[in-house]
Amino acid sequence: MKHLRMLMLLTMVGVGLLGGAYDPTGAALTWTLALLLSNPEQLGRVYEEVDALGGSLPTFDDTSRLSWVKACFDEGQRMQGHPFFFCN
C-alpha cells in the first residue's frame with residue numbers, strides 16, 4: 001500500500017506539477033522528492049503529517065499543519081544546485 005501511495009504521489013507531482021512548473025519550482029520539487037526518497041524516516045514524517053489531514057487534499061489553509069512538509073520543501077529549495085551533490 002505504501003508503494004502504491006508513493007507511485008501515486010510521484011505520478012501526480014511528475015505530471016501535474018513538474019510538467020507545467022516554472023523551472024525553479026520544478027527543480028525544488030525534484031530535489032525535495034529525491035532527498036525524501038533517500039531518507040525514508042523523513043518521508044515517513046511527511047506521510048504522517050499528510051495522513052493527519054484525514055484524507056482531504058492539502059490546501060493553503062493547511063500550511064500551518066504541514067510544518068514538516070514545508071521544511072522538507074524549503075530544504076529541497078536550498079539544496080538544489082548545491083555543489084556538494086555534484087562532487088560524486
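**View 1. Three salt bridges are found in this structure.** A salt bridge here means a side-chain nitrogen of Lys or Arg within 4 Å of a carboxyl oxygen of Asp or Glu. The model is predicted, so local features need pLDDT of at least 70 and side-chain atom pairs count only at pLDDT 80 or more, while totals for chains, interfaces and linings use all residues. Residues are numbered from 1 along each chain as its sequence is written, and side-chain values use heavy atoms, leaving out hydrogens and water.

**View 2. Arg-65 meets Asp-62 in a salt bridge.** Look for the closest N and O atoms of this pair, which are 3.7 Å apart. Is Asp-62 buried or exposed? Asp-62 is buried, at 11% relative accessible area, whereas Arg-65 is partly exposed, at 47%.

View 3. Helices (H or I, at least four residues) and strands (E, at least two) are DSSP runs, numbered from the N terminus.

**View 4. Arg-78 and Glu-75 form a salt bridge.** Here the closest N and O atoms are 2.7 Å apart. Both residues belong to helix 4, three residues apart, so about one helical turn separates them. Arg-78 is exposed, at 52% relative accessibility, while Glu-75 is partly exposed, at 32%.

**View 5. Five residues make up the largest nonpolar core.** Which residues are they? They are Leu-36, Leu-43, Val-46, Tyr-47 and Cys-72. Helix 3, residues 40-51, gives the most to this core, with three residues. A nonpolar core is a set of buried Ala, Val, Leu, Ile, Met, Phe, Trp, Tyr and Cys residues joined through side-chain atoms within 4.5 Å. In soluble globular proteins, nonpolar side chains tend to be buried together.

**View 6. Arg-45 has its charged end over the ring of Trp-68.** The distance to the ring centre is 3.6 Å. A charge sits over a ring if NZ of Lys or CZ of Arg is within 6 Å of the ring centre and within 35 degrees of the ring normal.

**View 7. Pro-58 sits in the loop between helix 3 and helix 4.** This proline is partly exposed, at 44% relative accessibility. Leaving aside residues up to four places away in sequence, Pro-58 touches Leu-53 and Leu-66; contact means heavy atoms within 4.5 Å. Leu-66 can also be viewed with Glu-48: the two are 18 residues apart in sequence and 9.7 Å apart in space, C-alpha to C-alpha. Glu-48 lies in helix 3 and is exposed, at 58% relative accessibility.

**View 8. Stepping back, the protein has four helices and zero strands.** From the N terminus on, its elements run α-α-α-α. Of the 88 residues in the protein, 24% are buried. Among contacts between residues at least 6 apart in sequence, 54% join residues at least 24 apart.

Technical notes: Buried < 20%, exposed > 50% of the residue type's maximum accessible area, 1.4 Å probe, protein only.
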